[in-house]
Amino acid sequence: MSSSKSTSHQEQPLEVVVIGAGVIGIQVALGLAKRNIAVTLYDQASELKEISAGFGFTDNVVGCMRFLEPRLAGAVDTAGPPAEGSQRWVDGMTKEDIRAMRYEDVPGIKMAGEVDLHYCHRGQLLHEMVKLFPKHQIQLGKRLETIEGLDGDSKAVLRFVDGTMAQADIVIGCDGINSRVRRVVAAPESPSAYSHYAHESAFRCLVDYKSAHAALGQLAEEQVMFIGDNANIITYPVGERQSLNVAAFVKDDQDWPQGRKHAISVNKEEVVEAYSDFGPAVQALIQLLPDRVSRWAIFDTLDHPLASFVNGRIAVAGDAAHGSTPHHGAGAAMGIEDAAILVALIERVNTLTESDRSTVPVLECVTEALKIYDSVRRERAQWLVESSRLQGQIVKFLNPDIGRDFEKLQAHTRMRMSKIQTYDWHDVMINAVTDLENRFGKYEDL
């Protein structure tokens, strides 16, 4: 190779910084560390914790996690064993006491799943994952202020609010719906630099499973969605049936009054009022909620999506890139898909260039890799954001084409969930890496 052309050579191994030590960030970091790529994980919190809620992963997503770091599959099993991937959709407005009915007579439908799900307590899963990552590579209490050096051959410089600095060849923002890295990728004056209120909020908590079963009977034993006018509730057992996850969603025509603060504590009476027209089963469930519950504003990125998930050698993933409402239950899964593709591409840059770092344009290869990540992930992820917002309207009887027709609702949901759950991430990953290898060939004559 000739050295007469300007290329971004470097002799040292790649250094990666991940901003945000939530469920997605820790998996990106674990995947890179497993491949002996130098990575440091930063988070603004003084301790790592997740909200007291749950989510479910398909076997397909667990496969992504196993690719990133084989021990992650064990972390999922610890946080929640697999269960049948089905959900009963119940007419929550009926005044009949559906708890006294035979199970097959409960009004609504059983949405049979095509896959099994692993229902996890978010906090427990994060705890299990953090145990797998070297403690000395996690820096807490680090709130990002700026990222400099986006262009050129030098490392990016990260400045934190506490006055400290860090350098990296690659920066990956996994810092959630209020992402600071997203503002760098989009430019802070752009509306796409921020998420926006989806005019919906959710009351979220865990309740004791035994108490929930006493109140709901067999309806506490699987995932149930109670559907009604302008509101819906999803419940399912988590943590080996120690708790029942409750997420109660309510349409909100007003603007969110708390600005960028997405969660507030409210009296249970606010939930009682929101579901006052629902039937006795829902009323019994709401009585189990604690006196104070968290009300979460639902923000997403639908109204102002990013034009790109990358800016040079900076990328965003998970909610930082494509925050969605939770009505497909696939936001975390989409972020894990991001993580798998990112890690595979960065690993390939590392292996393609490590043989001769003094002559290979490593940083240009990084830039190409992140462009490929954007090209294979953005359309799918932003489709989820749109589809999830639509699904939230449908399960509140707000879609005029579907209305209260459970059969139409079922058909619509199955079609969209199939697109989510049958995604061949492995094939996409192989094609992305092959694309990178083909692009890398252009440097052979430099």
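Axes here are lines fitted to C-alpha atoms, for helices over the stretch in contact, and angles run from 0 to 180 degrees between N-to-C directions. The structure is a predicted model, in which local features need pLDDT of at least 70 and side-chain atom pairs count only at pLDDT 80 or more, while totals for chains, interfaces and linings use all residues. Residues are numbered from 1 along each chain as its sequence is written, and side-chain values use heavy atoms, with hydrogens and water left out. Helices (H or I, at least four residues) and strands (E, at least two) are DSSP runs, numbered from the N terminus.

**First stop: two helices**

Select residues 362–394, which are helix α11, together with residues 406–421, which are helix α12; their axes come within 11 Å and cross at roughly 160 degrees. The two helices are therefore roughly antiparallel to each other, a term for angles over 145 degrees, whereas those under 35 count as roughly parallel, 65 to 115 as roughly perpendicular and the rest as oblique. To see the contact (heavy atoms within 4.5 Å), show the side chains of Arg380, Trp383, Leu384, Ser387, Leu390, Gln391 and Ile394 on α11, and of Leu409, His412, Thr413, Arg416, Lys419 and Ile420 on α12. These residues divide into six nonpolar, four polar and three charged, where Ala, Val, Leu, Ile, Met, Phe, Trp, Tyr, Cys and Pro count as nonpolar, Asp, Glu, Lys and Arg as charged, and the others, Gly among them, as polar.

**Second stop: the sheet of six strands**

Next, colour the open sheet whose six strands have the order β8-β2-β1-β12-β20-β19, with mixed pairing; two strands pair if DSSP finds at least two bridges between them. At the edges stand β8 (138–140) and β19 (310–311), each with a single partner strand, so one side of each has no neighbour in the sheet. Strand β19 is joined by two bridges to β20 (residues 314–316), and these strands run antiparallel; select Val310 to find Ala315 of β20 opposite.

Which residue forms a stacked aromatic pair with Tyr42? Select Phe160, whose ring lies 4.8 Å centre to centre from that of Tyr42, with 25 degrees between the planes. Rings of Phe, Tyr and Trp (its six-membered ring) pair if their centres lie within 6.5 Å, and planes under 30 degrees apart count as stacked, over 60 as edge-to-face and the rest as tilted. The pair links distant parts of the chain, with Tyr42 in β2 and Phe160 in β10 (residues 156–160), 118 residues apart.

Four bridges join β9 to β10, and Ile147 has Leu158 of β10 as its bridge partner.
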